[in-house]
Amino acid sequence: MPITLTSVIIDAADIETEGTFWHRLLGGSVHRTPTHRFVQAPGLPVVVVQSAPGHVAPGWPDGTSQQMHLDFGVDDLASADRTATEAGAVRLRPSEAASDHTGSCIYASPAGHPFCLRAA
C-alpha cells in the first residue's frame with residue numbers, strides 16, 4: 001500500500017504573515033479561511049498554516065528542539081536565497097553557500113519554523 005504525503009501542517013500565531021511567507025517562497029495559490037491558509041504550489045504537498053494562538057517558535061539551533069524541518073532542492077541557491085529572505089525568512093546559520101552556489105542554507109520562517117534550501 002503506497003503512502004502519499006498530501007500536506008504539511010505548520011502552526012503559527014499569525015497565520016496571515018506565515019501563510020504569505022510560504023506563498024511568496026513557494027509560489028502557486030493560497031486559499032484563506034478564518035483559521036487556516038492553504039498554499040498549493042506545483043509539485044508539492046499542500047502547505048497548511050493553521051492558527052495556534054499560543055505558538056512559541058522553536059529555539060533551534062541554540063535552544064529547544066526544532067521538532068522538524070523541511071528541505072527544498074533548488075537549481076540556483078543564490079536566487080533561492082534572495083527569494084527566501086525577501087519573502088521574510090531569517091538565516092539561522094549564515095554561510096557562504098548561497099553566494100558560491102553550493103551546499104545548503106538554513107532559515108526560519110516568520111513563525112520560526114526551520115527549513116533548508118539545498119543546491120540540487
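This is a predicted model: local features need pLDDT of at least 70, side-chain atom pairs count only at pLDDT 80 or more; totals for chains, interfaces and linings use all residues.
The radius of gyration of the protein chain is 14 Å, which agrees with the value near 14 Å that a compact globule of 120 residues would have. Residues are numbered from 1 along each chain as its sequence is written, and side-chain values use heavy atoms, with hydrogens and water left out.

**Overall build**

- The C-alpha trace of the protein chain spans about 40 × 35 × 35 Å along its principal axes.
- You'll find three helices and eight strands in the protein chain, and from the N terminus on they run β-α-β-β-β-β-α-β-α-β-β. Both kinds of element are DSSP runs numbered from the N terminus: helices are H or I with at least four residues, strands are E with at least two.
- Among contacts in the protein chain with a separation of 6 or more, 52% come from residues 24 or more positions apart (a contact means heavy atoms within 4.5 Å).

**Surface and charge**

- Of the 120 residues in the protein chain, 37% count as buried. Buried means under 20% relative accessible area, exposed means over 50%, and partly exposed is in between (1.4 Å probe, protein chains only).
- The protein chain exposes about 6700 Å², with carbon and sulfur atoms supplying 55% of that. Accessible areas come from the Shrake-Rupley method with a 1.4 Å probe, and for residues only the protein chains shown count as cover.
- The chain carries 7 positive and 12 negative charges, and their mean positions are 3 Å apart. Here Lys and Arg count as positive and Asp and Glu as negative, with His and the chain ends not counted; each charge is placed at NZ of Lys, CZ of Arg, CG of Asp or CD of Glu.

**Salt bridges**

- There are four salt bridges in the structure, each being a side-chain nitrogen of Lys or Arg within 4 Å of a carboxyl oxygen of Asp or Glu.
- Arg-37 and Glu-16 pair up at 2.9 Å, N to O. This pair links distant parts of the chain, with Arg-37 in strand S3 (residues 36–40) and Glu-16 in helix H1 (residues 15–26), 21 residues apart.
- Arg-37 counts as buried because its relative accessibility is 11%, whereas Glu-16, at 33%, counts as partly exposed.
- Salt bridges also link Glu-16, Arg-32 and Arg-37 in a network.
- Arg-118 bridges to Asp-71, with the closest N and O atoms 3.1 Å apart. Those two also link distant parts of the chain: Arg-118 is in strand S8 (residues 114–119) and Asp-71 in strand S5 (residues 70–74), 47 residues apart.
- Arg-118 has 35% relative accessibility, so it counts as partly exposed; Asp-71, at 42%, is partly exposed too.
- Arg-91 meets Asp-81 with the closest N and O atoms 2.6 Å apart. Because Arg-91 lies in strand S6 (residues 90–93) and Asp-81 in helix H2 (residues 77–87), the pair ties together parts that are 10 residues apart in sequence.
- Arg-91 is partly exposed at 25% relative accessibility, while Asp-81 is buried with a relative accessible area of 10%.

**A glycine in a loop**

- Gly-43 lies in the loop between S3 and strand S4 (46–51), and it counts as exposed because its relative accessibility is 81%.
- Gly-43 and Gly-28 are 15 residues apart in sequence, and their C-alpha atoms are 9.8 Å apart in space.

Terms used: The radius of gyration is taken over C-alpha atoms; the globule rule is 2.2 Å times the number of residues to the power 0.38.
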